[in-house]
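Subject: Handover of a structure

Hello,

I am passing this structure on to you.

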Amino acid sequence: MRPELEAQLLNCRNLPSPPGVALRIIELAQDPEVVMATAADAIGLDAALSARMLRIANSPLYASRRRVENLSQALTVLGLNATLTLALGFSLARCGNGSHPVAQGRVWRRSVIAALACRLLGQHAGVRKAEELMLAGLLQDIGMLALLEVLGEDYARLVENAEDNAALLAAEREWLGCDHATVGGWLARQWNLPALLREAIIESEHPASDTGFNACVAVSGHVADIWLATGDADRTDAAHRDAALHAATRLGLDYAAFLSLIEEMVVALPEVCAMFDVPPAPPARIQALLDQARELLVVRNLREIQEAARARKEADEHEDRARRLAEEVRRDPLTGAYNRSQLEEVLEKEFDAATRHGWPLSIAFIDLDDFKQVNDRWGHLVGDEVLRNFAKALMRRVRSSDIVARYGGEEFLVVLPGIGEEAAAQVVRRILSEVSCAAMADVSGQPLHVTFSAGLATQGTLEQFRHVDDLLRAADEALYGAKRQGRNRVSVGAVGP
């Protein structure tokens, strides 16, 4: 994204921002200790949101034997994770101010259709996290709202005049040097949305991984374009073929499965549109969509789709091998954590971003206690096993947006973007408590446990470091403070002798 566009976005007072309830839900979603009652209290502050949660709990998406009458019952039917995810989607769906109603109407219509398509694609492709898929589908075009506010009438005309999403992307890239998916990823970062959603938004138009989750989000946009295609039948047929091709190449769905998906969309979409206050398609339009989808099953275009799918699959396999090789270069061969050189590159970028945007960045230097005794007593093979299992334990206990790297020997560094000092200390202390109780190796039938000492430093909370090396030095000093105090502990900031 060009610096001048980023500056415009940063300085735009009307930029969409999550309402207070959404901010609270984002906070709760990142708290592993959150309970249902806390979620109910947060959602209950918004009467409209509570009503929508009741409506979805009673919808065909969550068919229940008895009617749900109150918010507590709705949360029980949906479950905690689904509750937080769907509530966040409903809250963020209202964040635009409607200054360009025609363009914004097109954006949200595509987003709501994509949300349902994304959920159903996940079911057909065996990708779990149905609610997260629905939210990612809904938010994949969120960058358009930001561009509408920043660029105003010029961008609104661009949206209204574009024949389809591909034409809009081409126009955006020619004008801005980027597209709405890039802007959406930037906005998701500003909102502190989970990394899973940020990556899905960016990759909705920039495929960079082979994850089923991101593929569902990307394909859902193409499915939504079938409903948005207007004009002659050729344009609708082209949208069908394009969506079927992407479903086949990205998710392995044959056309019979794709036709089943379209039929499920037709049944469920009116209810979902009503939830988000989006007008449904006229019945005649829906019937035409179904007829065209069924016709494609028996015409020669099906063979073209299958052949293109095979070619795309082979290309994807080549790309996948290249990605795996590139990933191996970034990883420590023993532990699978990132290596020192990759750490330095990532940490530099995170430090610059935190300094520029004013959000916190915490790092934790971690050193295994008395690791030399493990090697001396049981040998280096056991020591290597301990290091491997310890690194895996670390990586399982942090967010996907966090970085775990082997700094050298038995030293590791954990990078925690967007987390302040107090929260980071709680995270590392929880990891210490859990890891110390888990066996890192088995020696002659006996479990081998280890502890670690950690030093924590944070950029942007109480102290502003001028350079990333100063941040590292502060964490290193805190680590030695933890060791002087007796090991098996987490020290925050430099500790005196």
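What follows is a short account of what was found, from the whole chain down to single residues.

The model is a predicted one. The protein has 23 helices and seven strands. Of its 497 residues, 51% are buried. The accessible surface comes to about 22,900 Å², and carbon and sulfur atoms hold 50% of that area. Among contacts with a separation of 6 or more, 71% join residues 24 or more positions apart.

The sheet

Five strands form an open sheet with mixed pairing, in the order β2-β3-β1-β6-β7. The edges are β2 (403-408) and β7 (490-492); each has a single partner strand, so one side of each lacks a neighbour in the sheet. From one strand to the next, the twist averages 20 degrees.

As background, strands of a sheet pair through backbone hydrogen bonds, either parallel or antiparallel. The pairings here can be followed across the sheet:

- β1 (residues 361-368) and β3 (residues 411-417) are antiparallel and share seven bridges; A364 has V414 in β3 as its bridge partner.
- β1 and β6 are also joined in the antiparallel sense, over eight bridges, and D367 is bridged to S453 in β6.
- β6 and β7 run in the parallel sense with three bridges, where L456 is partnered by V492 in β7.

Helix α22 (residues 421-436) packs on this sheet and touches β1, β3, β6 (452-459) and β7. The direction of α22 makes about 165 degrees with that of β6.

Is β6 enclosed or open to the outside? Eight of its eight residues are buried, so β6 is largely enclosed by the rest of the structure. F452, A454, L456 and T458 point one way from the strand, while S453, G455, A457 and Q459 point the other way. Both sets are buried.

A buried helix

Helix α8 (residues 130-139) is another enclosed element: nine of its 10 residues are buried, so the rest of the structure largely surrounds it. The buried residues of α8 are E131, E132, L133, M134, L135, A136, G137, L138 and L139.

A helix pair

Two packed helices are described by the angle between their axes and the distance between the axes. For α14 (residues 212-228) and α15 (residues 233-251), the axes come within 8 Å and cross at roughly 170 degrees. Angles over 145 degrees count as roughly antiparallel, and α14 and α15 are therefore roughly antiparallel to each other.

Which residues make this contact? From α14 they are G212, N214, A215, C216, A218, V219, H222, V223, D225 and I226. From α15 they are T236, A239, H240, D242, A243, H246, A247, R250 and L251. By type, the residues of the contact of α14 with α15 divide into 10 nonpolar, six polar and three charged.

D225 in α14 is worth a separate look. Is D225 buried or exposed? Its relative accessible area is 15%, and buried means under 20%, so D225 is buried. Leaving aside its neighbours within four places in sequence, D225 is in contact with R110, N165 and A239. A239 is one of the α15 residues listed for the helix pair.

That is the end of my notes.

Regards

Terms used. Residues are numbered from 1 along each chain as its sequence is written. This is a predicted model: local features need pLDDT of at least 70, side-chain atom pairs count only at pLDDT 80 or more; totals for chains, interfaces and linings use all residues. Side-chain values use heavy atoms; hydrogens and water are left out. Axes are lines fitted to C-alpha atoms, for helices over the stretch in contact, and angles run from 0 to 180 degrees between N-to-C directions. Helices (H or I, at least four residues) and strands (E, at least two) are DSSP runs, numbered from the N terminus. Angles under 35 degrees count as roughly parallel, over 145 as roughly antiparallel, 65 to 115 as roughly perpendicular and the rest as oblique. Contact means heavy atoms within 4.5 Å. Ala, Val, Leu, Ile, Met, Phe, Trp, Tyr, Cys and Pro count as nonpolar, Asp, Glu, Lys and Arg as charged, and the others, Gly among them, as polar. Buried means under 20% relative accessible area, exposed over 50%, partly exposed in between (1.4 Å probe, protein chains only). Accessible areas come from the Shrake-Rupley method with a 1.4 Å probe; for residues, only the protein chains shown count as cover. Two strands pair if DSSP finds at least two bridges between them.
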